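Subject: Structure handover

Hello,

My notes on it follow below.

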Amino acid sequence: MRVLARDVAAAAGENPGAEVQVSGWVHRIRDMGGITFVVLRDRSGILQLVFNEKPVDSSGAALTLESVISARGVPALNGKAPGGVELRVSALEVTGRAAPELPYQVNADISRLGLETILDNRILSLRSPKIRSIFNVQAAIVEAFSAYLRSRDFTEIKTSKLVWGGTEGGTELFEVEYFDRKVCLAQSPQFYKEVMVASGMERVFEVAPAYRAEKHDTPRHLNEYVSLDVEMGFIESEKDLMELEKGLLCHVFEELNRGNGADLARWNASVPDADAVAASPVIGYEEAVKLASELSGRAGGGRIFDLNPEAERFLCEWSKKEHASDLVFVNEFPRRYRPFYTYPSDANRTMSFDALFRGLEISTGGRRQHSYEAFVDALPRFGLKLENMRNYAALLQYGCPPHGGFAIGLERLTARILGLANVKEASLFPRDRKRVAP
Ligand code: AMO
């Protein structure tokens, strides 16, 4: 029976002198003349294999890097081997031979490779243990996010990504041929989340891709990203949502600490503790922009006028210094900056917020308008016509509870946790203007 690399030492302890079988990829080959060391890689880690003869396949061809093999042998303790144990191989089978010339060296130190090289060779670069650890962390984030919400009576939903129009603005939509007409790829499940709250489900969440036809190439944008969406009924204001998000992030961080210590260590990363999350400040939009502007120390045309990426960085530095927190919430966004569905708190401000984490906006949310009359009144302000908003009207016309929600960008959260410079690194198969393969 197959034993994983990480379990070989324990298997040897239980049954000394007995042979074990391991299977995986050839990570490294070191030919020392009489003896050859091969590092085998499997999903659990690596193991040193020792061959007294040159390892070859059944046709006599030399072993190649990245070939998939199975090896049998007796484990032996060796303080110099990774993990303190090695396997003295008695039988080798090459089950998937790799071509001798690799376009990308899987065992190379990735800090010396550029992002383009890593992404151009995605099929092989995903084999690098350090790169794969990004996606272990990502899987754990999704699991913790979902578990936390389920434990609070939220139901997971899956909504269509083919929609008739945008919710977040008209210019960033991908059009798709749909029989004899054009539809769009969903920018956000916002509308469907709200429909499901009003359906009586009250509390819903979704983990699914969202599409934005943004033309610019920045370290914070993808054209397809995974949106962690939450929506709940019977809230009073955005403050209920910020509290929920704090609890949620706190749980995600605790779970990463508990189960992903080795993945975090590979990236020299750590996550905030519960006290730090609890201490996250909340600052109103106008005040936040003023503060960022002051912190930048610039005047005149160089001043900071809105919550741009630079302001986000200043506010996070401030939060770290003054509140010992990596997280800061900005609320009370002006009505002119938020979509028509946002609930106004007064003539100019809304019950909406952004969460900034380690210098980057990771989520947006807010209370929504749930009164049909107020929605109809507000439409002209946004240049919208009721006859084009039939579905939204139907959501609000037949009894809708006060509600709101937020969405966290999965790649942005992953990137900020691990300190990745570009969100593309946190996407298995990133989509940008020029990249749609593999
Ligand atoms: P917003 O458009 O701010 O809000 O998006 C929410 C979060 O999604 C992530 N995000 C992105 N990540 C990578 N690349 C992109 N192009 C991209 N665009 C957005 C960010 C961002 O904070 N409907 C609202 C949410 C709500 O109110 O429920 C919305 O989509 O982390």
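Predicted model: local features only at pLDDT ≥ 70, side-chain atom pairs only at ≥ 80, totals over all residues.

The ligand shell has 22 residues, and Gln190, Lys193, Glu361, Thr364 and Arg368 come nearest. Residues are numbered from 1 along each chain as its sequence is written, and side-chain values use heavy atoms, with hydrogens and water left out.

By type, the shell splits into six nonpolar, eight polar and eight charged residues. Here Ala, Val, Leu, Ile, Met, Phe, Trp, Tyr, Cys and Pro count as nonpolar, Asp, Glu, Lys and Arg as charged, and the others, Gly among them, as polar.

Which elements each supply at least two residues of the shell? They are helix H5 (190-201), strand E15 (360-368) and strand E16 (403-409). E15 gives the largest share, six residues. Helices (H or I, at least four residues) and strands (E, at least two) are DSSP runs, numbered from the N terminus.

Now the polar contacts, meaning pairs of N or O atoms within 3.5 Å:
- Arginine 368: an N or O atom of its side chain is 2.8 Å from an oxygen atom of the ligand.
- Glutamate 214: a polar side-chain atom lies 3.3 Å from a nitrogen atom of the ligand.
- Glycine 409: a polar backbone atom is 3.2 Å from an oxygen atom of the ligand.

On its own, the ligand has 620 Å² of accessible area, and the protein covers 94% of it. Accessible areas come from the Shrake-Rupley method with a 1.4 Å probe.

E15 and E16 also belong to a sheet. Eight strands form it, open and with mixed pairing, in the order E6-E10-E11-E16-E15-E14-E13-E12. Its edges are strand E6 (155-156) and strand E12 (282-284), each of which pairs on one side only. Two strands pair if DSSP finds at least two bridges between them. E15 and E16 run antiparallel, with six bridges.

Next, helix H13 (residues 410-418). Is H13 buried or exposed? Nine of its nine residues are buried, so H13 is largely enclosed by the rest of the structure. Among them are Glu411, Arg412 and Arg416. Buried means under 20% relative accessible area, exposed over 50%, partly exposed in between (1.4 Å probe, protein chains only). Just after H13, glycine 419 has a positive phi of about 75 degrees.

Then there is strand E3 (residues 45-51). Five of its seven residues are buried. Strand E2 (residues 36-42) pairs with E3 in the antiparallel sense through seven bridges. The two form a hairpin, with two residues between them. Valine 38 has leucine 49 in E3 as its bridge partner. E3 also pairs with strand E5 (residues 85-96), here in parallel, over three bridges. Glutamine 48 stands opposite glutamate 86 in E5.

Last, glycine 33. This residue lies in the loop between strand E1 (20-31) and E2. Glycine 33 counts as exposed because its relative accessibility is 55%. Its C-alpha atom is 33 Å from that of arginine 266, 233 residues away along the chain.

Best regards

How values were computed: Near = heavy atom within 4 Å. Polar contact = N/O pair within 3.5 Å; in protein donor to acceptor, adjacent residues only side chain to side chain.
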